[in-house]
Structure formats: structure tokens, C-alpha cells
Amino acid sequence: MTTQFLNIKKLNKSTRYNIVTVGSILIAYAICMYMINAGNMSNLLQNLLVAMCYYGIMAVSLNLTVGILGQLSLGHAGFMCIGAFTGAFFSKIMINTMDNVIIRFTLAILIGAAMAGLFGVIIGIVVLRLRGDYLAIVTLAFGEIIKNVLNVLYIGYDSRGIHFSMKDTASLNLEEGGMVIVKGAQGISGTPRNATFTIGVALLIITYLIIVNLVNSRSGRAIMAIRDNHIAAESVGIDITKYKILAFSISAALAGVAGVLYSHNIATVQSTKFGYNTSILILVFVVLGGMGNLRGSMIAAILLTVLPEYLRFMRDYRMLIYAIVLIVMMIFNWAPIFINWRKNHSLKDAFNNILKKIVKAKKEA
Amino acid sequence: MSFITYLLNGISLGSVYSIIALGYTMVYGIAKMLNFAHGDVIMIGGYIIFTIMSTVGLNPILAVLISIILCTLLGITIERIAYKPLRRAPSLAVLITAIGVSYLLQNLALLIFGAEAKSFTSVIPVKPISLAGGRLTISGETLITIPLCVLIMTVLTIFIKKSKTGRGMIAVSEDKEAAVLMGINVNKTIAITFAIGSALAAVASALMFSTYTNLSSTSGAMPGIKAFVAAVFGGIGSIPGAMIGGILLGVIEILSRAYISTQLGDAIVFLILIIVLLVKPTGILGKKIQEKV
Amino acid sequence: MEMLSVKNIGISFGGLHAVDSFSITINKGELYGLIGPNGAGKTTVFNLLTGVYKPDIGQIFLDGENITGRSTIEINKAGIARTFQNIRLFKNMSVLDNVKCGLHNDYKYSSFSGIFRLPSYFKTEKIMNERAYEILEVFGLEKEAKILSSNLPYGKQRKLEIARALATNPKLLLLDEPAAGMNPSETEELMDTISLVRKQYDVTILLIEHDMKLVSGICEKIFVLNFGIELANGLPQDVLNDPEVIKAYLGE
């Protein structure tokens, strides 16, 4: 027992932190599974389990852009949207040709991630040359464009191949027996419900490990160097554009994974669900959990997904609370009054003072 | 004739964008921040006029004046509570706060006035005129909006060039530290900038909702973002730029809705923003900002 | 042998000639001082040499290679590293990671190997750590390796910036007021470190300083800049006794 304990202590700090984080997720997963099997979990909570996972993935991946790269993206839901549509589209056209659900769903996830990542690269090339505030507006613009275009997009498929239209179903000119897959504002319906809690947890852990390993590597240092001081980063030869696009596209691809999970959880996916409000919701998770703090993002995402369903107060005033969270967190972190207050009232100091007093009292005794 | 009607509607909408864009461009120039909540002040202005007219039944002009006063106070309050403590914070923190304020205003309005959209009654007392034997009609709103926009631009330009406060604004926008050394009260200057911007937002709201009568908690957000696009288009920090950008954007939006696609109007506006930022990031009349090393 | 050879570079900002036909030749291994009154254009020279600004006219050669008009990143790769007058550390990163950022281009593995922890990750990280600690030891910072760079005292932050620049393995090191804000004993210690670095890493140094006495102590040659133009250039004793230089510093 003691030797094992010592071994854990020997590991470096970040590895230990990751073991604790992944361990906690696994323990929470085990408790949930036990409760489900024992019939102790309410239907309400069971319906939220997958949502917690995809919101967790969204929060961790947005944190890569906001907390690690230091750029505000307001279009993160747009990447989720691309992943959701691409994954659902793939599953629907392959549903009769690929019988193996595991392979099909894995491919759907990979294709959804790749497509969202591709858009991330394209958008990244465009926006990452811009200054911070412009970047926020342009990512917002991209999110809205993606939403608006998908809202009027019709895609059908028959023996001659895939057909597109921006007008209506009829103008797709499908053959007899052809299938309309994307129906404009109605989106895609009837996607196989392959997303399970287990898959969700696995994807959440993978997402976390991808980002945390990236952060603690050569590329991660380059990304954080750009965040902390881009002029100094250039002066030591770090290619700013390359690493900005790398971070942005990995973040987008993982949002795509969350999207695939989403569309295979509720069977119907509509582009209007991925607007500005969803992007802000994810931003609230990141801000509340702490910018740059990946574990915090997951905890905030899970709490803010579950709490509104249980607390009536939180349900009615949810959006208002989110707004206040954004303002209060920023002022508390950055306003000079609170910076000083925190210096004078740090928990660590208070704890140390108490400890000192105890030691002193013991010595005197 | 329909093309001329669209063009006039476009210039009219563009004039409203110009007035809103002024608020963005002045605040951006002086406080170096993107006031995300600016569009939502428009929405609040709309609700104030609506409430006064529908409950007290006051004269529309008086209602607009009260709305201007209340929006000005709102702008100053927002600046004082949310932005002033963050003067030295990184721009990311300020931007997130501004988004928070925007979201707060939207959701307060939602709680107070409900989710159902209200129908705004026009405050413009001018009757439409008919030209070319009744084939071309120009609405009273258009007749008022365009000249009013020109008037506001002129007055504001003169104010900034000639008055002491105005020149203080230019000084703060050029170099904050130097302005302090010259004895300019930076906090006061920034507060005045927010006050002017918010008062203009109230004017814009009266004009906009008189034409586009649908009033809901989110009806300020989109025009706000588009006006920011207009400000970037014309060159952020430039007053004539805001006017040119606003009018061009209004015309492009109305024409593309008429001739390309109704549903993709917003997408086209955003596409223009992206193209402008790629081709000429400083906008039509903007200056290049060099970072000090 | 010439390490840096600058031929008549100049730049103007809105009609003002910030630097005008600036020429300098620095031989390999030399320690050159660049001095001048406030606003003389010293930092602008550094910004021109490192590609932050592109010169309007003139040419810059590093070790025989024409680097005029290249980007900051390419110039660093070619072999020029610098520090900044107002310290620019990566504040939210550890002291060790700051130095490892300097090693970015010399020790490589792909992002993919980093994410999936392939053998090249462990191998390269190990070498990077060893190399970084080596550099930190020269500056006496090895004990603070794991703390946040913004928590270092001021003098050590200046040293860390030099360590980071040195980690890029430069041929030419540009130091922008390395002793600014230090007390006399800290300054003396820093000067010793600079001499040590020069011997150990075989690097040519150009440094900006405000204080002439200080510069004359360690520099082999001095260049005096005033209003963007050369005022004097040569051995310390000659330069410091030049009446033009005395006039520029003390006034008429």
C-alpha cells in the first residue's frame, strides 16, 4: 500500500493531475451505471447523461481556444452543428449498407470530426490574422452563416448520387425510391440513436486527454507562448499562424465530435439549435470553470446541465444567471479592488496562519 | 420602379445602421473596446418608447425624448459598473464582460416584457409621399430617417472638432497616457462617449422600430452586430466611415434580400464583413494601428 | 570575421526619420554597446534588425547572409535573438517552460507525437529538459525552474529573458537595456553573467544601455546614436571623450 502511494507521488505533477481527473470521471461513471442498473436513477437524469458528455466535450474544446490560445470564439456551436449534420448524414446513407453499428458510428464520429476540423482550418486561416475583438465578431458571423445556410439546405440521395438544393425538396429531382436526407429547416430526422452514456464518457475522456497532452507538449507551449506574448513568441521563432490554426482546428474537430454525439442521441437535428445562444452557453461553462482549467470546464458543464433541471429557480432564471456569471467572474478576476481583496483574504494564507498558531500554541505548551 | 424603392429602403435602413455604428466606432476609438451591449440598448430604447406610448399614451416625440434620457443613463451605468473596473484588464476579459452585459439586458427584457413580440407603433408623424403618378411611394420614416442621419453626423463632427470635450475625446483615443498628462479626465471622457453613443442608440431605436415594427428581447442584437460590421466596413474609429459603411451595408442587405435570397440576407452581410476584413482590414477610411514593441 | 554587417538602413514613420542611414559592422565574438539619449532610435534599430519593422532602405547581413526584409521568425531562425526593454516573458508559464519555448526550433517532434505520447515525445522532452536546466544554471535560476515566471523578482525576470533568447542558439544576441531597473550590485552580477555567457556560448552581443559608465566597463566598442543618426563609433575611450558625444549627453 505504501509503496503504491509512493509511486504515485513520484510521477510528475501533470500526470498525477490527469490520473485524478480521469479517475474521477470513471468513478462518477461507475456510480451512474450502478444507479441505472439498480433502478435508482430518475428518467430525467438518465436523459441528461449523454448531454453532460457532449457539453463537457464542447466546454473542454472551447477552453483550448479561449483559455489556452487566448482567443474568443463565439461560433463554437457552428462547429458542433457541422459535426452533427455530417455524422447524421453519414449514418443515414450507410444505415442499410453497413450493418456493424460500432464501425459505422466510429466512422461517423471520425468523419464528423474531420469535417468540423476542415472548417476550423478554413475559418482559422481567415480569422486568425485578425485582432481579438474582430475575431470574436467574425467567429460569430461564421456560426450564423453555417446555421443560416444549413437552414435552407436540402440534400437528397438516389442511385445517381447526392443532390443539393437551396430551394425545396422538389427541386432535388430525385429518382423514384430516392431519399431526402437534409430537409431545410426540419434538418435531419431518423438518425440511428447510437450514442450511449458509455460512448459519451469514453469520448469525453479521449477529448480531455488529447487537449491535456497537447497543452503539455512542444506545440502546447508554443500555443501558450502566443497567448502570453505574441511579440516575444515571434522573437524566439515560434510560427504564430501555424499554431493558432492548429489549436483552432483541433478545438473545432472536437466540437464536431460533440455534434455527432448530439445528433445520434436525439435522432433529430436542426440547425437552429446551434445558434449564438448555444455558443454563449459553452462560453459560460468555460468562464465559470476557469479559463485554461480543463477540469473546471467539465465540472461547470455538468453542473449547469443538471442543475436547471432540478432547481426551479435555476430553470426560470437560467439565462439571466449565465449573464451574471460572465460579468461577475470577469470583474472578480480582474477588477483592482478584488485583486487586492484576494491578496489579503487568500484561503491559503488563512490556512497557513491557523497552522502557525497551532504550532506556536503546541510549542508553548 | 421597384429597384428605386429598394434602394431608398436600403439607404433608410443604412442610415439607422450608421447612427448605431457611431456608438460602436466612438467607444472603440476611445475606450478601445467592443461594446457588445450597444445593440441591446437599442432594444431597451424600443421597449421604453413602446411602454410609454401604450400605457401613459404620451405624445410620441415626448416618449422618444424620455427614451433618449433613460438610454443615456443606462449607457453611463453600464460603463460605470461593468467596464470601468476593467480598464487595465486584458481585452479578452472586457469582451466577455460586454457579452455578459448584452445577454443580461436581453434576458431582463425577456423576463419583464415576455417572449411574445410586441408590435411597435410608428413615432414618425410624417405622411408618405407619392411620386411618378403613384408608382413610387416614399414612406414618412424614410423621409425623416435619411436627413436626420445626415444632421446627426454633421453636428457630431462639429462637436468633436470644435468643442473642448470633443477634442479631449480625440486626445484620449490617440494616447491615453499622454491625455492624462495634458490634464484630460479620461474617465469622464469615456463616460461622455458612452452617454453620446447610448443617446444615439435611442434615436436609432425610434427610427428603426417605426419601420420594422417587430419588437422583442433579441431585436436589438442583429442590428447591433450589423452596425458593428458597418463600422468595421467604413473603418473603425472614423465618423464619416460609420456613415458610409452603414449606408452601403443597408443597401446591400435590402438588395440581396430582394434579388438573391430572403433567408440568406444575414449570411450575405456577414460574408461581406469577412471579405472586407480579408481585403482591407482597416476598412474604407480606417487608419492602421501599429503595436508598440 | 564579420558577424553582423548593416549597410545604410533607414526607416521613417509619417515623415519623421526615426533611423537614418545606420551602418555598423560587428565582428564575431565582439561585445558592442549601442548608446544614446532618450528617443535616439536605439530600440528602433533593434526592431529593424529583428524584422519587427522592415527598413525602407539599406541592407542587413548576418554571417554573410542577406536577411533584409525577412520576418521576425525567419530572422530568429537565421540566428538573431533579443530581449525587450519592457520585459516580455510568457507570464503564465513556468520558468522552465519559458526557456523550453526558446528551444522550440532546435528540438522538434510533431504535434501528433505530443498528443499520443509517442517515443519521440519522451526522448525529445528529456533532451529539452537537460538543455534548459543547463542554461538556467548559467543564470542561477535552476532552483526556480518550476515556478511561474511572473512570480520571479524583477532582476531574475531580466535574466530569464536573456536565458530564453540564448536558448534559441543565436549567433548574435541583442540585449535591450538588460540592467534597467536593477540596483548596482544586481547590475554588476548581470555584467559578470553576460561575460560568462559570451565565453561559454561563443555568441556575439550588441547591447543597448543608457548609462555610459556601465557600458564602457564591459563593451569593446561603442556606437552612439542621436536623433536616428550616428554620432560616434569606435573604442570606448575615444567615443566617451568625443566632444560631440559629451554635448549630446550634457547639452550645450
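Two strands count as paired here if DSSP finds at least two bridges between them. I took helices (H or I, at least four residues) and strands (E, at least two) as DSSP runs, numbered from the N terminus.

**Ground rules.** I am working on a predicted model, where local features need pLDDT of at least 70, side-chain atom pairs count only at pLDDT 80 or more, and totals for chains, interfaces and linings use all residues. Residues are numbered from 1 along each chain as its sequence is written, and chains are lettered from A and ligands numbered from 1 in the order in which they are written.

**Sheet in chain A.** I looked up the strand order first. Chain A has an open sheet of 3 strands, ordered S2-S1-S3, with antiparallel pairing. The edges are S2 (161-165) and S3 (179-183) of chain A, and each of them pairs on one side only. On average, neighbouring strands are turned by 20° against each other, direction ignored. I then checked strand S1 (residues 154-158) of chain A against S3(A): 4 bridges join them, and they run antiparallel. One position I noted is Gly156(A), whose bridge partner in S3(A) is Val180(A).

What packs on this sheet? Helix H4 (residues 76-94) of chain A does, touching S1 and S3 of chain A. The direction of H4(A) makes about 170° with that of S3(A). For such angles, axes are lines fitted to C-alpha atoms, for helices over the stretch in contact, and angles run from 0 to 180 degrees between N-to-C directions. Contact means that the C-beta atoms of two residues, placed from the backbone, lie within 7 Å.

**Domains of chain A.** I found chain A divided into domain 1 (1-41) and domain 2 (48-334); the bounds come from an automatic or database domain assignment. The C-alpha centres of these two domains of chain A lie 27 Å apart. In chain A, 7 residues of domain 1 are in contact with 9 residues of domain 2. The domain 1 side has 4 nonpolar, 3 polar and no charged residues. In this scheme Ala, Val, Leu, Ile, Met, Phe, Trp, Tyr, Cys and Pro are nonpolar, Asp, Glu, Lys and Arg are charged, and the others, Gly among them, are polar.

**Chain B.** I counted 11 helices and 4 strands in chain B. Its radius of gyration is 19 Å, close to the 19 Å that the globule rule gives for 293 residues, so chain B is as compact as a globular protein of that length. That radius is taken over C-alpha atoms, and the rule is 2.2 Å times the number of residues to the power 0.38. The C-alpha trace of chain B spans about 65 × 45 × 35 Å along its principal axes. Buried residues (20 or more other C-beta atoms within 10 Å of their own, C-beta atoms placed from the backbone) make up 50% of the 293 residues in chain B.

**Where B meets A.** Here 34 residues of chain B are in contact with 34 residues of chain A. Helices H4 (91-113), H9 (221-234) and H11 (265-279) of chain B each give two or more residues to the chain B side. H4(B) gives the most, with 14 residues. By class, I get 28 nonpolar, 5 polar and 1 charged on the chain B side.

**Where C meets A.** This contact takes 27 residues from chain C and 21 residues from chain A. The chain C side divides into 9 nonpolar, 10 polar and 8 charged.

**Helix H1 of chain C.** Is H1 (residues 42-49) of chain C mostly covered or mostly open? Mostly covered: 8 of its 8 residues are buried. Among them are Lys42(C) and Phe46(C). Just after H1(C), I noted that Gly51(C) takes a positive phi of about 80°.

Conventions: A residue is buried if 20 or more other C-beta atoms lie within 10 Å of its own, exposed if 12 or fewer, and partly exposed in between; C-beta atoms are placed from the backbone.
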